[in-house]
Amino acid sequence: MRSFVSFLGQNLTLSISSAIIKDIKDIRKERSALVAYHYFDYKDVSKRHLHGLLTCLLHQLSDDSDRCRNVLHELYKTCRDGSEQPSDASLAQCLNSMVKISGKLPIFIIMDALDECPNTTGFPSARDEVLSFVEDLVGSNHPNLFICITGRPEQDIQTVLNPLTSASRCVALHEESGQKEDISNYVRSVVHTDRAMRKWKGEDKEHVINVLTERAGGM
């Protein structure tokens, strides 16, 4: 299987692989931008749908910005102070309002493992709803909004995302030398720290490291 990173925005420049998350955390610490991150965790049903994505993003942005918090509070009041559940459409509108009210402050939204969002049940499927949301969000043309999406390049995902950005902003991680190096370093660490593997001959260790790194295929 293969993975990709798609950058949807005007001036987004981030490192590849695990370095993306580090760069994002540094940006948040400096308070030079607002950052919201969501992982479509296949083990948590609540995180694999549009509703979970939107609530996650809204909570993070409101935690880091008084302006965003005020926008979320207005939605709370329209839902009878929380006695009614907001629709996905109202949550999406709330997010758009947060982006607008933030002015020139950059907002980075990261959606990780989009392929874990199911596309086999329902009409539209959970993935269709997320992809439609992404299309609408990008189509809003917020100059201060930057989106990074990662996942396996499945056909339905590529069909939607490819027209939204240039080819130069879509990175196949399995083709990046840094990705392969990360995998090799991880395998090497396991081989050299495992109690049983530490007793192996040096050439056996290197053989296992090389074979597993190659067979990983960048994943």
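**Notebook: helix packing and selected residues**

Entry 1. I began with helices H3 and H4, whose crossing is right-handed. A crossing takes that name if the near helix is turned clockwise from the far one by less than a right angle, and is left-handed if the turn is anticlockwise. Helices (H or I, at least four residues) and strands (E, at least two) are DSSP runs, numbered from the N terminus.

Entry 2. I recorded the basis of the work. The model is predicted, so that local features need pLDDT of at least 70 and side-chain atom pairs count only at pLDDT 80 or more, while totals for chains, interfaces and linings use all residues. Residues are numbered from 1 along each chain as its sequence is written, and side-chain values use heavy atoms, with hydrogens and water left out.

Entry 3. I returned to H3 (residues 66–78) and H4 (residues 88–101), which pack at an angle of about 150 degrees with their axes 9 Å apart. Axes are lines fitted to C-alpha atoms, for helices over the stretch in contact, and angles run from 0 to 180 degrees between N-to-C directions. This angle makes H3 roughly antiparallel to H4; the label applies over 145 degrees, and roughly parallel applies under 35. I listed Arg 67, Cys 68, Val 71, Leu 72 and Leu 75 of H3 as meeting Ser 90, Leu 91, Cys 94, Ser 97, Met 98 and Ile 101 of H4. By class, eight of the residues in this contact are nonpolar, two polar and one charged. Here Ala, Val, Leu, Ile, Met, Phe, Trp, Tyr, Cys and Pro count as nonpolar, Asp, Glu, Lys and Arg as charged, and the others, Gly among them, as polar.

Entry 4. I then looked up H2 (residues 50–64), which packs with H4 at an angle of about 30 degrees, the axes being 10 Å apart. H2 is therefore roughly parallel to H4. The crossing of H2 and H4 is left-handed. On the H2 side the contact (heavy atoms within 4.5 Å) includes Leu 50, Leu 54, Leu 58 and Leu 61; on the H4 side, Leu 91, Cys 94, Leu 95 and Met 98 are among the residues involved. By class, the contact of H2 with H4 has 10 nonpolar, three polar and one charged residues.

Entry 5. I took the chain as a whole. It has eight helices and five strands, and the order from the N terminus is β-α-β-α-α-α-β-α-β-α-β-α-α. Of its 219 residues, 39% count as buried (under 20% relative accessible area, with exposed over 50% and partly exposed in between; 1.4 Å probe, protein chains only).

Entry 6. I checked His 38, in strand S2 (residues 34–39). His 38 is buried because its relative accessible area is 2%. Beyond its neighbours within four places in sequence, His 38 contacts Lys 47, Gly 52, Leu 53, Cys 56, Leu 57, Ile 110, Met 111 and Asp 112.

Entry 7. I looked for positive phi values. Most residues other than glycine have a negative phi. Arg 80, in the loop between H3 and H4, has a positive phi near 55 degrees and is exposed at 59% relative accessible area. Asn 141, in the loop between helix H5 (126–139) and strand S4 (145–151), has a positive phi near 55 degrees and counts as exposed at 61%.

Entry 8. The C-alpha atoms of Gln 93 and Leu 137 are 9.6 Å apart, although 44 residues separate the two along the chain.

Terms used:
Parallel < 35°, antiparallel > 145°, perpendicular 65-115°, else oblique.
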